[in-house]
Amino acid sequence: MSARDEILGRVRAALADVAPAVDVPTAPRVPNRGDLVALFVERVEDYRATVTRCAPGDLADVVVAALDGATTVVPPRLGIAVPGAVVDDGLSAAELDRIDAVVTRARVGIAETGTIVLDHEPDQGRRAISLVPDLHVCIVDASQVVADVPDAIALLDPARPLTWISGPSATSDIELDRVEGVHGPRTLHVVLVG
Amino acid sequence: MSGTFVGMPAFPTAARAALGDTQLRRNLAHATHTIRDKRARVVAEVEDWEELRIAGAAVKEAALRDLATHLETLEASLVRAGATVHWARDAEEACAIVASVTRAHGADEVVKVKSMATQEIGLNEALEAEGIAAWETDLAELIVQLGEDLPSHILVPAIHRNRAEIREIFRRRMGAVGRPAPEALTDEPAVLAGAAREHLREKFLRARVAVSGANFAVADTGTLVVVESEGNGRMCLTLPEVLISVVGIEKVVATWDELDPLLRLLPRSSTGERMNPYTSTWSGLTPGDGPQEVHVVLLDNGRTRALADEVGRQALRCIRCSACLNVCPVYERVGGHAYGSVYPGPIGAILNPLLNGVSDEQTASLPYASSLCGACFEVCPVRIDIPSVLVDQRAAVIDSHRGDRVPKQEALAMKAAAWTFADARRLRWAERASGLAGRVLGRFSRTTLPGGRTAAGRLPGPAAGWTGARDLPAPPRESFRQWWDRTDGGRDGGRQGDGS
Ligand code: SF4
């Protein structure tokens, strides 16, 4: 018998005494927290990420200031011009490792947890470009901010690869002392538009 | 048997050794208390935490109760999304699959995301035997691997090491397997983390094959989920050409939406954060982004054995948050190694016997590694009633000895007690003997129990097995019945008997 058939057979035998139906209650929702964008900013900053809020007209300038002259890669359809930036056309990991910063958009922001989710569409680019460089400047539109995790899950397409980002890379592996910055970008700068 | 450390003594022996290590006890107390407090703070922030737990438990329970259907759905979704699905009955089969995929690509190394399932099956050792190096990339796993040590915690496998010990390990061992630690390495956590970043980066950039586990596997979409902090997971899941994920069959949830309570419960219970720094999800292949060959190994290795256990099957709901370890008074004092398995603490004390059976002495000792205080059940985000399963597993251990030619000490004691209690004269005689013993033991006792009663330490002779890990209260000098006779039920104001 194949391993597959044997395992499925064992599962069925193990559950012979069990009725399959269990009611899964809807998970509770957070109460109304008021100004979601303000909460989002507060919670992102809690992770020791930097947040800059700006008007749509100032976005390009704010991004340039955040990059502070760093060598930069951008996804194919960022939607704003970043002077001097390399547009990703399938750069190798080694090439990305020689670039300091990346600018991307995002798909959704979660206020309750201070999380940004990327779905790696062309305004955000491949997963590798927002991972290897050490500074990630991430543009989030105020209209993209939702209350909590279930709202984000409802919006996101699971067929896409998704990266949920809550602050810069961190570890608590040494005496449970939180240290920002291990392998992912050590600096996360969120630019909130609107 | 898999998942257990070869040659580990039974829990009481290992615990005795661990308790003697004051450095270990200090490291553990500091770490467990820190994380306990963090968890309590972020859990208190969620108004409906209990409802969230109920929803999380129900999601996992529903998936388990119809597991065969969900596994078939998962397989179909994965295949549709371009992944190759393998099934592994046991550790050996799973390791062979990973080795053969790796070899097919001519690779002699893999980078690894922290994964309990691959530890359980002993993947690193199996790959090494095939000439394939497996590099652990999680910081704590790296510390354990470089220190040629064993993990002692689900979430923070190097929890038993302090910063000075970690610095020593990095200085002595990094150079032998790659980029050495910098000369100026201090014991600052940030500096140590920086050294790990430099050391591992060349491995990430070079690796062609990665191995991961998964925190969740969504049946209806074929999505795997990895929850992490450092970004080493993202590196492994993104940069190599080939990705092999070893996923226990109990990781399945039915639908994408059902991830919601679990993604809210896990980080708060585990690292005590509102959300962990990184969560990656992927469904098979994405052209032009990430690994272009994706394998998923669905692993049984004892899970169907656990599933068949009416009381114990709830243990398969576990999302490996490690909250139960951090609150456990036994774990806090003895640490993870004493459990002799990659799954330590309260969950390990039930999961190991459920996955492996209780036929060997080491596993059979685990259900007793608990005071049944219930703290584990209280914090468990998926409401696993660990104390009930512990008691049930103790019964399983006793049952497994029913046919023994030489009965266990405990069985003899119970038989003797039944004979004594069955007859009033016998009981009176036994009580007198016990009062005498109380006077003798009281003199030799070395411990005072809460409430001031003295206790005997380790007794010689046949009771050594029992008292080796417990303090036996010295019996009172006078039994209740003797006291009643002497004082006419307390009416003549006689002195109370006590055991002092
Ligand atoms: S048993 Fe519960 S508390 Fe313990 S690790 Fe598993 S999910 Fe967490």
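These questions and answers cover the cysteines, the chain contact and the ligand shell of a predicted model.

Residues count from 1 along each chain as written, while chains are lettered from A and ligands numbered from 1 in written order. In this predicted model local features need pLDDT of at least 70, side-chain atom pairs need pLDDT 80 or more, and totals for chains, interfaces and linings use all residues; side-chain values use heavy atoms, without hydrogens and water.

Student: How many disulfides are there over all chains?
Tutor: A disulfide needs two cysteine sulfur atoms within 2.5 Å. For Cys54(A), the nearest cysteine sulfur is that of Cys138(A), 13 Å away. For Cys95(B), the nearest is that of Cys236(B), at 18 Å. The count over all chains is 0.

Student: Is Cys95(B) buried or exposed?
Tutor: Buried means under 20% relative accessible area, exposed over 50%, and partly exposed in between (1.4 Å probe, protein chains only). Cys95(B) has 8% relative accessibility, so Cys95(B) counts as buried.

Student: What area is buried between chain B and chain A?
Tutor: Buried area is the accessible area (1.4 Å probe) that two parts lose on being put together, summed over both. Carbon and sulfur atoms give 59% of the value here. The area is about 7100 Å².

Student: How many salt bridges cross the interface of chain B and chain A?
Tutor: The rule wants a side-chain nitrogen of Lys or Arg within 4 Å of a carboxyl oxygen of Asp or Glu. Arg4(A) and Glu75(B) form a salt bridge, 2.9 Å from N to O. Across the interface the count is 13.

Student: Which class has 10 residues in the shell around the ligand?
Tutor: The surrounding residues include Cys318(B), Ile347(B) and Pro381(B), with a heavy atom within 4 Å as the cut-off. Ala, Val, Leu, Ile, Met, Phe, Trp, Tyr, Cys and Pro count as nonpolar, Asp, Glu, Lys and Arg as charged, and the others, Gly among them, as polar. The shell has 1 polar and 1 charged residue, and the class with 10 is nonpolar.
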